[in-house]
Amino acid sequence: MSNMNYSWKNNRSMFPEADETGKLVVDLDSQKYIKVWQGPNHPGVTGNMSLELTISGDEVVEAQTHVGYLHRGFEKLFERRRYMQCFPTCIRMCVPEPDTNEYNLARGTELLGGIEVPEMANWLRMIALEMARLQVLLRMVPGQAGTMGLGLPAQWGLYYRELILDRFEELTGGRIYHMYILPGGVRGLLPDGFKKRLEENLVKIESFMKDVDRVIYANAVFKKRTKGIGVIPEAWIDPYGATGPVARAAGFERDVRKDYPYLYYNQLDFGVNVEHESDVFARFRVRRKDVDTTIDLLRQIMSKMPEKGDIKAETPNVLHWKIPRGETLVRCESSRGEYIFYMVADGSMYPRRINMRGPSYSHAVVLLEKLLINANISDVSPIMVSLATCPPEIER
Amino acid sequence: MKDIIDHLKKRFPVYEIGEGPNGVIFMSVEAAKLVPMLTSLKANHGYGILVILSAVDWLEEYKFQLTYIVNNPEEKSDLGIRVFIKREDATMDSVHRLWEHAATFQREIKEMFGINFPGSPRVDEPFLLEGWDNLPPMRRDFDTKQYSEDTYFPRPGRETNDPAEYMKQKLYPDE
C-alpha cells in the first residue's frame, strides 16, 4: 500500500452512510466495522484520553476524542482563590511543561495590576522557560520513535531530561513543579556555578542528539513509518487552530517569540524552524531543530544576562491584592505551540475568569479526529504524539 | 488598525471600544451582529484565526459575556469582541462554519455555562461531564461546596475522630 492511501480522501463511497446531522451510522452487525477504544490506558496514548475508533479492516473510518478522565475543575477553582493562590493550581495543568502556565498567569496578573518587572527577573524567566522547553523536547523528540516500537531512544532521552530537572531543582527547589515565576518577578537568583553546570549538561545533550540523529533520523524504519503519514494540508491550519510546530511543519513561519516578542526574546538571535511536508516526519524534524535552537538560546541568554539585579518588584500584599476591573490576553510559545490565557478581573481579590487554552485544545480534538480518518490503525499513536497531545489542557 | 475600527464603527453597532493593558483592542457588539462582523473580519480584514472563545458569568448583572478573540497573522494583531447575552434562555449563534475548532469551544461552553449554540456539531453531547444533571458547573450560582457535600461526603464507612481521644481509647481502653 502506498503512502498516498493514508492521506485524506474526498471520495467517501467506501465509508458508512451519514445521517442528516453528518454523523456516521455504523452498523456493527454488518461485520464490516469494529469499534476499538484506544485509551484511556494505553501505551500509545499520552495521558488520560481515549480515542473511539471505528475501523474497517485496519483502516480508521471514524475517530472521536473522549476526554474527561482528568477533569479537575481548575477554572472553577480559580474563581474562589486569590490571584496568588491560583499558582499552585495552574501549574498542574500540564505536567511536562508547567513554566509556561506560571509565566502566563504572572504576566496577566502584572498587566492587570500594573506592575513593572525588573530586568534581571525577566532574564531569569527566560532561562526557566527555555529550560522547560528543552526538557519537554528531550522527551518528545526521541519519544516520537517510541510510538512505533523504537522505545530505547525514548528511555535515553529521559536520562538527559533528568539533567535539566537537576538544574531546575537547584534553581527552584522543585523538579517537576517549580513555582519560580511569580507576579512581580521570580523567586531567586541563579545559584553559584549554575551556568557552568548547565553548560556541561548542554554539551552532553548535544552529543546525545547526535546519537538520536543516527538511530532515529537516519533510520529507514522510522522514515518509512513517518513520511507521508498524518499530512495536514495548509488550508487546515487556521480553521483547525493549529499552532507551534504543527503549523511550522506546514510551512507557516509562526513563533510567538518572534511575532509577539515578550521578555527579551527580541534581543536574541534565532530563526524559526520551518518544514513544508507537514507529515509526522516534518513535525519531528521541526522539533529536532527546535532542540538546537533552544540550546543556542540558553547559551545566548546566559552570556547576555546581567550578573546581579533586582529580581522582584514591589507588589501589594498578595493576599489582599485587589486588581482593578479589566481583561487581557497573554500568550507565550510553549514547546507544543501557542499557550494562551484570557483573564478577566472584576475589581475584587479574586479573578472573575481565567480561561486557559493550550495547543492540544484544538490539535487533539477536531484536528486529530479529522486526521485519523483513512489512517492505518498502527499509525494512530504516531499521529497523535506528533501533534503533541497533552489531555489536561483540554479539560482543565 | 484605526482604519479597521473606523470601518467596523460604520458598519456594525459596536460600543465600549477600549485598549487592553497589552495593546489588544476589545469592543462590544450586539449579539445579532456578531456572526456578520466576524465573517467580515475574516473575509475582508485578514482576521483568520480564532484564538479563544470564552464565556464570563456576570451574575450580579444577570448576563453572560462571550469573548471572541480573533487574530490577524499578517498584521500580527488581535481583536477582542465581546457579546453580552441574557442569563435566562442563553443562546448564541454558532461560528463553527468560520472556524472548525470553534465547535470544541462551543461544546465546552454549552456544558459548563449552559449557553446553547444551535447547529454546532456534537454540541449536545457531553464533553467532560458524563451524566451531569445539575446546574452547569461554571455558572457562579452553582454551589460547589454544597454539591460536594451532597455527592461525596460523608461517605458511608468514614468517621472522623478527635486524634487525642482516639489514641487514648486505643492505648488505654480501661481508663
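Modeller: Apart from neighbours within four places in sequence, A:Ala247 is in contact with A:Ile237, A:Ala242 and A:Phe252. This is a predicted model, and the mean pLDDT of chain A is 87, with 95% of its residues at 70 or more. A:Ala247 belongs to helix α8 of chain A, which covers residues 244–248. Its relative accessibility is 0%, so A:Ala247 counts as buried, the limit being under 20%. A:Gly149, 98 residues from A:Ala247 in sequence, lies 26 Å from A:Ala247 in space, C-alpha to C-alpha.

Next come the charged side chains. A:Arg248 is part of a network of salt bridges that also links A:Glu130, A:Arg133, A:Asp255, A:Arg257, A:Asp290 and A:Glu333. Side chains of opposite charge can pair when their charged atoms come close. Over all chains, a search of the whole structure finds 49 salt bridges.

One of these joins A:Lys289 to A:Glu275, with the closest N and O atoms 2.7 Å apart. A:Lys289 sits in helix α10 of chain A and A:Glu275 in the loop between α9 and α10, so the pair ties together parts 14 residues apart in sequence. A:Glu275 is buried at 6% relative accessibility, whereas A:Lys289 is partly exposed at 28%.

Another salt bridge joins the side chains of A:Asp346 and A:Arg352, at 2.9 Å from N to O. A:Asp346 is buried with a relative accessible area of 18%, and A:Arg352 is buried at 3%. In the salt bridge of A:Glu169 and A:Arg175 the N to O distance is 2.8 Å. Here A:Glu169 is partly exposed at 38%, and A:Arg175 is partly exposed at 26%.

Strand β6 of chain A spans residues 326–333, and seven of its eight residues are buried, so the strand is largely enclosed by the rest of the structure. Eight bridges join β6(A) to strand β7 (residues 338–345) of chain A, and the two run antiparallel. Across this pairing, A:Cys332 stands opposite A:Tyr339 in β7(A). The hairpin has four residues between the strands, and A:Gly337 takes a positive phi near 145 degrees there.

One caution concerns residues 1–6 of chain A, where pLDDT stays under 50. The model has 11 contacts beyond four places in sequence for residues 1–6 of chain A.

Terms used: Residues numbered from 1 in each chain as written. Chains lettered and ligands numbered in written order. Predicted model: local features only at pLDDT ≥ 70, side-chain atom pairs only at ≥ 80, totals over all residues. Heavy atoms only, no water. pLDDT = per-residue confidence, 0-100. Contact = heavy atoms within 4.5 Å. Buried < 20%, exposed > 50% of the residue type's maximum accessible area, 1.4 Å probe, protein only. Pairing = 2+ DSSP bridges. Salt bridge = Lys/Arg side-chain N within 4 Å of Asp/Glu carboxyl O.
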